[in-house]
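Me: I'm new to reading protein structures. Could you walk me through the strands and helices of this one, step by step?

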Amino acid sequence: MRVAKLNILPWAKLNGCHDDVLLYPRPTSRSDNIRPFIRSPNYILHYQSINKMLKSTFAPIFSAFPAKHRTRQPSSTAVFRVFAHTPESVQQNASANSHTSILPPYLFHPTSAYVHLPFCRKRCHYCDFPIVALGSSSTQIDDDPRIVNYMQLLSREINATRPGTTTNPPLETVFFGGGTPSLVPPSLVSSILETLRLKFGLCLDAEISMEMDPGTFDAKKMKELMDLGVNRVSLGVQAFQEELLKACGRAHGLKEVYEAIETVKSCGVENWSMDLISSLPHQTPEMWEESLRLTIEQQPQHVSVYDLQVEQGTKFGVLYTPGEFPLPSETQSADFYKMASRTLSDAGYNHYEISSYCKSGFECKHNFTYWKNEPFYAFGLGSASYVGGLRFTRPKKMREYMGYVENLENGSVGCNENIHIDGKDMAMDVVMLSLRTARGLDLRSFAEAYGDSLVHSLCESYRPYVESGHVVCLNEQRRALAADEFNSVLFKEDKDQAKMAYIWLSDPDGFLLSNEMISLAFRVISP
Ligand SMILES: C[S@@+](CC[C@H](N)C(=O)[O-])C[C@H]1O[C@@H](n2cnc3c(N)ncnc32)[C@H](O)[C@@H]1O
């Protein structure tokens with residue numbers, strides 16, 4: 001990452017922009033076929049947006065979209081056709097979500113909320129998220145004033161947030177991410193859920209997820225959380241080798257991993273997920289194979305596989321350089337990715353998103369909100385919301401966050417005061433987010449929003465990749481078009497345009513090339 005940053009700064013300066021303003025990768029003529037999605041130095045600006053999203057559920061919530069910097073004025077190009085001109089009155093009256101309505105998804109009313117609970121016992125060596133390290137010896141967690149005070153602040157933030165209208169649909173998903181949310185006493189989690197319920201409403205069958213770490217909960221706590229409505233657990237396991245857990249600076253060992261899994265299962269949590277990280281320092285293919293095998297043995301309904309990101313300012317960032325020993329090379333990382341895809345697919349998991357696998361019906365509903373580019377609330381330190389077409393990132397430092405909540409209460413700031421994301425950015429977000437999923441990019445709704453000619457140019461730029469099999473074009477029935485068929489529809493020899501309904505990246509080779517595919521799309525959208 002340090003190397004990558006150097007690559008990009010001259011370009012930022014060349015364009016007369018502050019580098020923070022640039023969200024998308026510098027077009028590059030170089031294409032590396034085995035470059036894992038998130039590891040390319042040439043994509044550092046893109047990295048700011050995508051890399052975080054690959055990491056996890058938390059990802060889109062933080063700097064995935066550095067909203068504050070998205071202050072370019074709406075573009076006057078034809079790219080942004082329908083949605084850009086949705087009148088303000090329509091936006092304001094978007095009271096209830098009719099997903100069949102003509103409103104673009106970003107103007108639906110939010111039915112998802114992310115809640116950031118930043119406390120950890122200690123910081124992991126790879127982690128650069130806004131957290132508060134309580135100290136491993138901290139035993140009086142339940143009445144730790146740092147937690148109690150933060151939870152009060154969080155309630156105040158929720159209460160001070162203006163829902164768009166009085167006819168909000170109730171929340172359908174809530175995601176407690178961290179940090180280590182399972183460190184927070186259930187009584188305090190309860191007060192947040194109650195605040196959300198009173199403020200926005202909460203569906204009886206809402207998906208309520210919580211990130212939980214081994215060694216931070218027992219059966220009593222798990223049951224209390226379930227009684228509050230927590231019905232989806234995301235367990236941060238990362239690796240099944242004691243030495244790797246230690247090397248990552250995890251606050252738990254393997255014994256706690258197995259105890260935590262046992263607790264989750266014995267308490268009857270029916271929807272639980274496991275997080276694993278590949279490309280860790282000194283991780284061998286045999287270790288990775290073992291972690292995947294042991295994961296499958298435990299039969300979680302969902303598995304998230306993240307490729308290690310070496311972040312500046314972390315211990316790993318100081319110690320290691322991506323691609324250099326003891327980290328794997330890019331080819332080895334790609335092999336890890338392929339091994340995960342093959343092994344988990346063989347075990348009956350659907351690879352439904354670039355880093356997510358699940359048993360049928362266990363997709364994470366909350367994360368789909370992000371991938372469908374639908375709006376969501378966010379509360380807490382460093383979290384980013386997306387409401388009414390605006391992305392807003394909260395301060396990452398506690399003191400500043402406190403000030404933000406105070407200002408929100410006295411009305412001097414709002415979380416809806418950002419400038420709308422411009423049309424090109426929006427189109428890029430849609431491509432970037434939807435190509436992460438196995439559903440792919442819906443070409444017809446994309447054409448409706450941004451124009452047929454843009455879809456045509458996009459398909460044309462993907463032609464070589466359709467031929468190589470990295471990109472797949474599907475018809476309405478999701479049958480893959482052969483390259484010849486794709487070409488003849490593209491060049492209108494075949495007039496049945498409806499045949500081109502979705503663009504989708506093949507698994508695993510297309511997913512591995514997604515950086516390049518997204519970058520190509522960006523060049524088409526913003527030449
Ligand atoms: C918000 S984090 C923290 C959740 C939980 N406290 C934990 O550490 O297990 C969610 C997940 O992101 C992944 N993650 C965090 N930082 C990462 C990094 N630098 N590279 C790859 N994955 C990362 C880990 O798998 C982690 O479980």
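Reply: Happy to! Two strands count as paired if DSSP finds at least two bridges between them. Keep in mind that this is a predicted model.

Me: In which sense do strands β4 and β5 pair, and over how many bridges?

Reply: Here is the general idea: strands of a sheet pair through backbone hydrogen bonds, either parallel or antiparallel. In this case, β4 (residues 171-178) and β5 (residues 202-212) run in the parallel sense, with 5 bridges. To find the place by eye, look for Leu 171, which stands opposite Leu 202 in β5.

Me: What packs on the sheet there?

Reply: Helix α5 (residues 186-200) does, touching β1 (112-117), β4 and β5. The direction of α5 makes about 145° with that of β4.

Me: What is the order of the strands in the open sheet?

Reply: Reading across its 9 strands, you get β9-β10-β8-β7-β6-β5-β4-β1-β11, and the pairing is mixed. The edges are β9 (350-353) and β11 (377-379), each of which pairs on one side only. From one strand to the next, the twist averages 20°.

Me: How do the axes of helices α9 and α11 cross?

Reply: Angles under 35 degrees count as roughly parallel. The axes of α9 (residues 285-298) and α11 (residues 330-346) come within 10 Å and cross at roughly 30°, so α9 is roughly parallel to α11. Their crossing is right-handed.

Me: Which residues meet there?

Reply: From α9, Pro 285, Trp 288, Glu 289 and Leu 292 meet residues of α11 including Phe 336, Met 339 and Leu 344. By class, this contact of α9 with α11 has 7 nonpolar, 1 polar and 2 charged residues.

Technical notes. Residues are numbered from 1 along each chain as its sequence is written. This is a predicted model: local features need pLDDT of at least 70, side-chain atom pairs count only at pLDDT 80 or more; totals for chains, interfaces and linings use all residues. Axes are lines fitted to C-alpha atoms, for helices over the stretch in contact, and angles run from 0 to 180 degrees between N-to-C directions. Helices (H or I, at least four residues) and strands (E, at least two) are DSSP runs, numbered from the N terminus. Angles under 35 degrees count as roughly parallel, over 145 as roughly antiparallel, 65 to 115 as roughly perpendicular and the rest as oblique. A crossing is left-handed if the near helix is turned anticlockwise from the far one by less than a right angle, and right-handed if clockwise. Two residues are in contact if their C-beta atoms, placed from the backbone, lie within 7 Å. Ala, Val, Leu, Ile, Met, Phe, Trp, Tyr, Cys and Pro count as nonpolar, Asp, Glu, Lys and Arg as charged, and the others, Gly among them, as polar.
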